[in-house]
Amino acid sequence: MSDKVLMKGNEAIAEAAIQAGCRYFFGYPITPQTEVAAYMAKKMPKIGGVFLQAESEVSAINMVYGAAGAGARVMTSSSSPGISLKQEGISYIAGANLPCVIINIVRGGPGLGGIQPAQSDYFQATKGGGHGDYHLVVFAPASIQEMVDLTSNAFDVADKYRTPVMIIGDGMLGQMMEPVTFQSKETASLPEKPWATTGTKGKREHNIINSLYLNPEDLEKNILERQERYNTIKANEVRYEAVGVEDADYVLVAYGMTARIAKNAMATLRKQGIKVGLIRPITLWPFPTEIFEKTAKTAKAFLSVEMSMGQMVEDVRLAVNGACPVHFYGRTGGMVPTPDEIINEVKKIGGVL
Amino acid sequence: MSDARIYIFTGHFGSGKTEVAVNFAMNLAKQGKKTAIVDLDIVNPYFRTKDAEKPLTQQGVRVIAPEYANTNVDMPTLPSDILSVFADKDLSVVFDVGGDDDGATALGPYFSYFSKEDYKMYLVINTNRPLTQTSGDIIDYMHDIEAASRLKIHALVNNTNLSYSTEAVNLTQGQAVLDEVSRQTGIQTELVSVQKSLIDKLDPALKDKAFGLDLYLQIPWL
C-alpha cells in the first residue's frame with residue numbers, strides 16, 4: 001500500500017499497527033473508536049493474526065497483559081469511559097515492564113459523557129490514570145498521516161523501553177478521512193525479547209512476568225530502575241512542532257485536532273499583523289519543556305487552547321515557570337473551538353479587543 | 001439522471017455516499033421536484049446527512065433523519081416518519097444508506113415497499129479506499145450489500161477521491177477499475193461524481209457522466 005489511500009483515522013491506526021507487526025488485538029467496541037476494532041476484525045483473520053472482542057474492557061486489557069508478557073506486539077483501543085475501565089490493567093502492565101500500545105479516541109466526559117470529540121483525558125493519560133509510580137509515553141497526532149506514522153513509532157518505543165505507550169486522538173481525528181501513505185516497514189526485524197514467557201525448552205531459567213513485590217526494598221529498586229528508563233525517554237523521545245515562535249508575541253499551545261484549528265487562527269492573525277506562533281506538543285508525556293523555556297524568553301504571553309476545561313495548561317505553566325503569563329481557552333463536552341474564538345482570545349490578551 | 005421515484009445510495013463504508021446523496025437530492029429539488037432525503041445510516045456517528053440539513057432545507061428538501069441523529073445519543077434507530085415517503089407518490093426520495101452490508105441491513109424492513117414500485121439503487125465507489133481498490137473486492141461488496149438489502153444494484157457511481165488532495169487523474173484511475181467491474185457484472189457506471197472545480201479537468205471520456213459536487217460535509221478550517 002505505497003500509493004495514497006483515503007482513510008478514516010481509526011482505520012489508519014489499525015492498518016498502521018498491522019504493518020508494524022501487531023498480530024494481536026483485544027478490544028471492546030465504543031463510539032467513536034469502533035472502526036479500529038472493525039478494521040482489525042476484517043483484516044486480522046486474513047493475515048494469521050488474532051482479533052478478539054472481549055466481554056469487557058477489563059478483560060481486553062488483561063489479554064493485552066498476557067500477550068505482551070509472551071512477547072507479542074499487541075494493541076488495544078477504546079474511548080474515554082473504556083480507557084477508565086482499563087486503568088488497573090495498564091498499571092499492572094507498567095509495573096511488569098511490558099510493551100504494548102493503547103489507543104484512546106477521546107470523547108466528552110466525565111461518566112458516559114457524549115460521543116463527540118474531546119481532549120479531557122489529558123490528565124488521565126499523562127499523570128497516571130492507574131495507581132502507582134509510572135508513566136505512559138503519550139503520542140498526540142494531529143492528522144491521519146501522523147496517526148499512521150506515530151502508531152508505527154509507538155510499537156518501537158514500547159519495545160525499546162519496555163513500557164506501555166498511548167496514542168491519544170479525539171473523536172474528530174478518529175472519524176475524519178484524509179489521504180495517507182504507508183511506508184513499507186520491515187516487520188521481520190522485531191527486537192529480541194529475552195524476558196518474554198516463551199517457554200524455557202529446558203535451556204534457561206523461568207521468565208516471570210509480575211508486578212507484585214512484597215519486599216519494599218525490591219519494589220523501590222524496581223521503581224528506580226523504571227525511573228532511569230523514563231529519564232532516557234525524556235532525553236530521547238520528546239517530539240513537538242513549533243511554528244513561527246521565533247518572533248512571536250503570543251504563542252498558542254495546542255495538540256491534536258485543536259492544533260490545526262489554532263494554526264488556522266494563527267494564519268489569520270499573522271495577516272492582521274499580530275505576531276502569533278504555535279507550539280504543538282506531539283509527545284504529551286514526556287512534555288516538550290525546553291521549547292517553552294526558550295520561547296518564554298521572547299514571548300509576551302502563552303495561550304493554551306484545549307477541548308477541556310484546562311488540563312495541558314498546567315504543564316505549560318510548569319514549563320514556562322512564571323517567565324510570562326499563561327492563559328487558557330477551552331471548549332468542552334464535545335464542543336470544538338472555532339478559529340474565530342481563538343482569534344478573539346488572542347486579541348483580548350493583546351489588549352486589541 | 002434517470003427518472004425513478006426512489007433512489008438508493010449504498011456503498012462501502014467511507015465511499016462518500018452521503019456527499020453524493022445530498023448533492024443528488026439538491027439537484028432533484030433544483031429541477032423543481034418535491035424531494036425528500038432519508039438518512040438511513042445506522043453505522044456512522046459523525047459526518048451525516050443531518051450535517052447538511054440547513055442547505056437541504058433551504059433548497060426545499062425534506063430531511064428525514066433518525067430521531068437521535070447528531071444528538072450525541074449513540075443509538076442506531078430508524079426514522080419514525082419514514083413510511084410517509086412510500087405513501088406520497090409525488091415525492092422523489094433519496095435514501096442515504098449506511099456503509100457495507102451492515103448498513104444495507106437497515107433497508108430490510110422496507111423490502112415490501114421497494115418491491116412494489118421502481119427504485120434505482122446506486123453503488124458508490126471510491127477506489128482510493130483501501131478495501132475497495134480492486135474489481136474483485138468491489139464485486140464482493142456488491143454481493144454482500146445486495147444480499148443484506150434483498151435489493152438489486154442498478155448502476156455504479158465513480159466517486160474516487162482523496163478528499164482535499166483529489167486530482168482529475170484519480171477518477172480516470174478509478175474508472176479503469178469500475179470498467180472491469182462492469183465487464184464482469186454488466187452493471188454500468190452512470191455517474192462520475194467530482195467536486196465542481198475539477199469537472200473541466202476530467203478526462204473527456206468521463207465528462208458526459210460528470211456529476212458536480214458541492215461539498216457539504218467538509219470541515220471548513222481544515
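1. The side chains of B:Arg129 and A:Glu11 form a salt bridge, with N to O at 2.6 Å; a salt bridge here is a side-chain nitrogen of Lys or Arg within 4 Å of a carboxyl oxygen of Asp or Glu. Between chain B and chain A the count is two salt bridges.

2. This is a predicted model, in which local features need pLDDT of at least 70 and side-chain atom pairs count only at pLDDT 80 or more, while totals for chains, interfaces and linings use all residues. Residues are numbered from 1 along each chain as its sequence is written, chains are lettered from A in the order in which they are written, and side-chain values use heavy atoms, leaving out hydrogens and water.

3. Chain B gives 24 residues to the contact and chain A gives 29 residues (contact: heavy atoms within 4.5 Å). About 2400 Å² is buried between the two chains, and carbon and sulfur atoms give 63% of that area. Buried area is the accessible area (1.4 Å probe) that two parts lose on being put together, summed over both.

4. No disulfides turn up in a search of the whole structure, over all chains (disulfide: a pair of cysteine sulfur atoms within 2.5 Å). For A:Cys22, the nearest cysteine sulfur is that of A:Cys100, 10 Å away.

5. Are A:Cys22 and A:Cys100 buried or exposed? A:Cys22 is buried, at 0% relative accessible area, and A:Cys100 is buried at 1%. Buried means under 20% relative accessible area, exposed over 50%, and partly exposed in between (1.4 Å probe, protein chains only).
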